[in-house]
Amino acid sequence: MVTTVCHLSKMASEAQSCIMPTNTDFILHFRIRKHLFQQELSMKLLLPTFAIILITTCITAQLLGLFIFIKGFLPIKQIPPGHASHSDAAPEPSYPTANNDGVAPEPSYPFANDVLRRPMFGRLVLVLIDAFRWDFVLGDKKRMIFTQQLIDSGYSLSFIAKAHSPTVTMPRVKALTSGTIPGFVDVILNVDSKALLEDNIIYQLKVAGYKMLFYGDDTWIRLFPNSFDEVDGTTSFFVSDYTEVDDNVTRHLKPTLAREDWDVLILHYLGLDHIGHIGGPASPLVQPKLQEMDSVLSMIYTSMEKKDMNRELPSLLVLCGDHGMSEAGSHGGASPSEILTPLVMLSSKLNSIEGSSYPYGEVQQIDMAPSLAIMFGLPIPQNSLGIIIPEVLNLFPLRQQLRALQLNSDQLMTLMKQSFNQAIYDDITIDYQHIIKMHAGWLNEYANKSTSAASKEVASKIVDKYFNVLKMMQSKLSETVTRYDVHAMICGIVLCSMVLVLIGVALAYTSSNSTPINFHVSKLFYLGCCCLAILTTHVTICTSGLDTSDMLCNGSPSAIMHSTAFVITVAVAIYIQISILVSLNTFKILSFIRSLSILEKFLLLGSVTHTISLMSSSFVEEEHQTWYFLTTTLLVGLFVHSIQVQRSTDAKLIFVILLICRVLRSWNQTGIKWANLPDIGDWLVRPENAIYLSVVHVLSLAAVYVILSERPFSPSNILILLFICLYRHAVGNVVLPVLVPSSYKGIAEARITFVLLLLKIFSAIFNYLPKISKHLLKNKSQSSTNNNSGTRLLSILYESFILFVVLLLRPHNTTVVAMTLFIQRSLEDILFKLPLKAWNWSLICFWMGQTTFYHQGNSNSIATIDLSSGYVGLDSHDPAFVGTFLLVATNFGPVSWMLTLLKQSTYNSHKIDSTALPQAFLSLMMCRALPLAAYTIVVSSQRYHLFIWSVFSPKLLYEAMHTCVLVMFIIFGSTFYLVCYCTRPRSKLSKKKHNYKVN
């Protein structure tokens with residue numbers, strides 16, 4: 001048997017002609033070929049592995065930079081220690097201020113120091129109705145008959161109280177009780193309230209010996225532990241319950257009102273807020289709830305009037321709201337319907353004075369704390385920024401009015417001295433000292449004859465001047481709500497900017513399958529130099545004595561960890577930048593730009609334009625308009641291209657997509673300026689249109705089934721959609737033509753749907769695992785079978801995600817899901833015919849995902865988050881489930897388009913380019929990293945902007961959420977990619993190339 005081998009490797013033989021090998025030559029030849037094959041196989045495995053390492057590095061740096069920036073931009077407020085007390089109160093001003101010896105003389109107008117310590121009222125009943133909009137009780141409509149009759153009769157002090165953003169419960173309760181303006185970070189801490197350490201009216205009442213009872217939202221119990229003598233809390237996050245949550249409060253009312261062993265009763269009702277989250281302010285459930293609250297107030301006021309007849313001091317009933325309710329039923333933003341709440345004070349004592357009348361005056365919500373303190377003879381909370389409400393002063397004689405304003409002014413001036421340098425508020429100090437002299441002069445002249453007309457006229461002028469100074473101090477102090485950690489913000493910006501370099505290098509690597517820069521220029525020496533330079537700079541700044549970041553410079557283990565990660569990441573990025581500059585090839589860059597198609601240039605230009613638009617607050621508020629314009633232009637371009645290449649079917653399909661996009665724009669009005677305009681969704685959710693909503697919902701479910709199901713008949717999908725429909729019927733959204741028994745609030749139907757979805761997913765995974773094991777163990781050539789199994793598994797996961805979203809979203813948004821699915825399937829078929837690169841697919845899917853995000857009705861305001869989707873199928877508040885459900889429902893658009901990209905890129909990785917999926921992931925990261933890096937700079941430069949908390953800060957939180965969602969998706973996609981790549985058998989070409997037969 002003879003074997004002829006031609007042209008062996010140079011390592012095996014120097015001969016250039018055919019030879020007759022010996023056994024030794026044959027063995028050497030075989031080993032060389034085996035080595036070459038193993039080397040090629042290892043390179044193939046190294047490529048995806050190194051790509052995943054690059055992606056992981058970029059993700060880590062991105063998250064670290066974002067974390068450091070947000071921690072610096074939204075630091076937890078530092079609380080000044082201590083509490084106010086009467087012993088620390090400034091004495092009444094004397095005139096003249098001092099004699100020749102510098103000693104203040106004894107005033108010739110004796111005045112009891114404890115006159116303001118005597119309470120004006122004996123009992124306080126505070127009724128706080130969550131999400132209580134001002135127009136629910138102070139509007140033109142008679143929705144709370146008893147309460148509005150009292151107000152219209154002039155037997156109340158009624159105001160429209162303006163809350164600060166963010167309009168969520170915990171920071172608003174803090175503002176009402178302490179008179180402070182909580183930081184925006186409280187919107188994150190709202191789900192896990194801690195004890196309020198600042199001085200507050202609850203603490204002062206407790207110190208004064210008042211016995212307090214509380215029933216309602218357990219946020220109060222967490223904020224004021226051990227303050228109440230009797231409590232019964234209800235959870236504020238289970239928004240599906242709007243009945244029992246209030247019944248648990250009201251059931252205590254009758255026995256409590258009949259008792260005499262309490263001084264303060266606080267009731268916090270949550271039902272109205274929960275109804276808003278479920279159906280909005282137009283829900284048919286709102287009016288019955290307002291009538292229920294009106295009956296509660298009637299019961300309390302009637303009981304108070306009877307009891308006051310036998311009491312020395314009357315009782316005070318205060319009705320207020322923590323925040324309002326947007327037209328969508330949510331809250332958290334800064335629209336007038338969210339920040340304006342009623343503040344109504346009712347008492348038999350108010351019958352003797354001139355009460356409030358329409359139009360009602362506007363006060364700050366933080367003004368309630370000092371006003372209650374004065375009425376109950378308590379010190380004003382130490383850190384309060386509130387001003388005593390002018391109408392409240394009418395309850396006191398002139399001298400006590402001036403004394404109250406002096407104490408309020410002195411308290412705010414103390415805060416001014418703690419917060420600013422003297423030069424900053426010199427003009428305010430001069431005005432304040434002038435008023436004190438006028439006050440002392442009035443005391444010297446009219447203290448004993450304060451009822452005269454001249455006395456009243458002079459006192460009125462002094463009161464006006466006090467209020468002018470108080471407003472100036474309040475405005476100035478409001479600017480110091482947040483102390484920015486500028487050092488941490490700069491470090492976060494640097495990290496986010498450096499990530500762009502890392503992603504760019506990773507993209508170049510995966511695109512060319514080679515290193516895009518000349519690393520041999522610098523090697524480890526220059527990398528070490530970069531690390532040393534960055535470390536030296538960082539240590540110098542931390543030890544310079546400047547206002548540096550505690551998070552990075554306090555020497556704790558966490559600070560060392562953050563600093564180390566920061567130094568290494570920035571040093572690597574700078575090292576790469578230097579290497580790029582050294583090996584920069586201008587010709588290649590110009591060639592790349594010239595090689596771009598019109599579509600690719602438009603995608604790049606559109607992404608950059610969107611990033612630039614974030615510099616404007618108006619563009620941030622109406623960001624959806626930018627995405628609508630970009631995607632519409634893209635579709636029009638594809639339409640024109642289809643006509644040019646004579647693809648009439650594609651052109652018709654794109655035209656239909658354009659029409660659908662126009663309908664989607666009108667389905668849910670979003671943004672800030674035009675969010676209150678009527679839209680299709682608002683019309684459908686009206687009670688009188690329940691039948692139309694039911695028809696639209698059922699037809700949309702049928703459309704979802706047709707688009708999703710790859711087979712003519714899919715029992716699992718039909719069963720899941722059936723139970724979704726039954727769930728909507730159980731919660732009252734959908735009307736069915738036949739009587740169907742339902743569970744309580746649809747909990748059973750929703751949970752059955754969850755089980756069916758899990759069974760669908762697990763069955764697909766268990767069907768896929770044996771194929772992987774069979775390939776790994778037997779190493780059989782089943783490439784097409786294995787690839788088809790992976791694609792099928794991905795399709796089932798995609799179907800399950802869509803069905804899960806249909807269950808979570810409100811019923812009118814089921815149509816949005818159906819239309820989005822149609823657009824995805826149609827556009828996928830159209831784009832598949834075009835010679836698109838991986839990054840082209842990524843940008844298109846990213847654009848469409850952002851557009852769908854706004855089609856859902858989302859915006860850059862926290863108020864548009866639909867909390868009701870977080871409680872589907874739950875009978876209690878569970879943070880893990882609620883957070884997951886909210887994340888999925890809110891990000892349906894971006895995630896569904898990313899899954900579409902994953903399916904397409906997985907196919908390309910198997911058929912065309914093994915690096916298509918890493919390129920797609922890196923391109924998505926670039927789409928998210930570019931606006932994030934730019935926006936951190938914008939937010940830093942605009943941190944003193946008027947709209948920083950109402951516009952820029954919520955957008956920053958949304959950017960952080962989108963980044964985290966993208967990271968989770970990439971982790972899932974990378975895992976799926978590695979499994980599919982490693983289980984992919986060798987191609988026939990590789991086998992043929994290395995199949996050496998011996999005869």
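Of the 133 residues in the largest nonpolar core, Ile802 and Val817 touch the most other members. A nonpolar core here is a set of buried Ala, Val, Leu, Ile, Met, Phe, Trp, Tyr and Cys residues joined through side-chain atoms within 4.5 Å. Buried means under 20% relative accessible area, exposed over 50%, and partly exposed in between (1.4 Å probe, protein chains only).

This is a predicted model: local features need pLDDT of at least 70, side-chain atom pairs count only at pLDDT 80 or more, and totals for chains, interfaces and linings use all residues. Residues are numbered from 1 along each chain as its sequence is written, and side-chain values use heavy atoms, with hydrogens and water left out.

**Overall fold**

- The chain has 38 helices and 8 strands. These are DSSP runs, numbered from the N terminus: helices are H or I with at least four residues, strands are E with at least two.
- Of the 999 residues in the chain, 53% are buried.
- Among contacts with a separation of 6 or more, 76% join residues 24 or more positions apart. Contact means heavy atoms within 4.5 Å.

- Valine 817 is in contact with Val704, Ile802, Val805, Val806, Leu809 and Phe892, leaving aside its neighbours within four places in sequence.
- A second, separate core has 76 residues, including Phe214, Met368, Trp442 and Met473.
- In soluble globular proteins, nonpolar side chains tend to be buried together.

**Cavities**

- The structure holds 12 cavities of 30 Å³ or more. A cavity is a set of points, on a 1 Å grid over the protein atoms alone, where a 1.4 Å probe fits but cannot get out; lining residues have an atom within 4 Å of a point. Grid points are joined across faces, edges and corners, and a volume is the space filled by probe spheres set on the points.
- The largest cavity holds about 120 Å³ of space. It is lined by 13 residues, with Phe846, Gln850, Pro894, Met898 and Arg928 closest to its centre.
- Helix 33 (838-855), helix 35 (892-911), helix 36 (916-941) and helix 37 (948-982) each give at least two residues to that lining. Helix 33 gives the most, with 4 residues.
- The lining of the largest cavity has 8 nonpolar, 4 polar and 1 charged residues. Ala, Val, Leu, Ile, Met, Phe, Trp, Tyr, Cys and Pro count as nonpolar, Asp, Glu, Lys and Arg as charged, and the others, Gly among them, as polar.
- The second largest cavity holds about 80 Å³. Of its 14 lining residues, Leu124, Ile201, Ile202, Leu205 and Leu372 lie nearest its centre.
- Strand 1 (123-129), helix 4 (169-178), helix 6 (201-207) and helix 13 (368-375) each supply at least two residues of this second lining. It divides into 13 nonpolar, 1 polar and no charged.

**Helix 15**

- Helix 15 (residues 398-419) has 22 residues and spans 32 Å from first C-alpha to last, close to the 32 Å expected at 1.5 Å a residue. The expected span is 1.5 Å times one less than the number of residues.
- Helix 15 is mostly covered, with 17 of its 22 residues buried.

- Serine 165 and proline 166 are joined by a cis peptide bond, with omega about 5 degrees. Proline 166 sits in the loop between strand 2 (156-162) and helix 4.
- Asparagine 226 is not a glycine, yet has a positive phi of about 65 degrees. Asparagine 226 lies in the loop between helix 7 (219-223) and strand 4 (230-234), and is exposed at 75% relative accessibility.
- Glutamine 646, also not a glycine, has a positive phi of about 60 degrees. Glutamine 646 is in the loop between helix 25 (623-644) and helix 26 (648-667), and is exposed with a relative accessible area of 72%.

Conventions:
1 Å grid on protein atoms, 1.4 Å probe; cavity = no way out; pocket = protein on both sides within 12 Å on 5 of 7 lines; lining within 4 Å.
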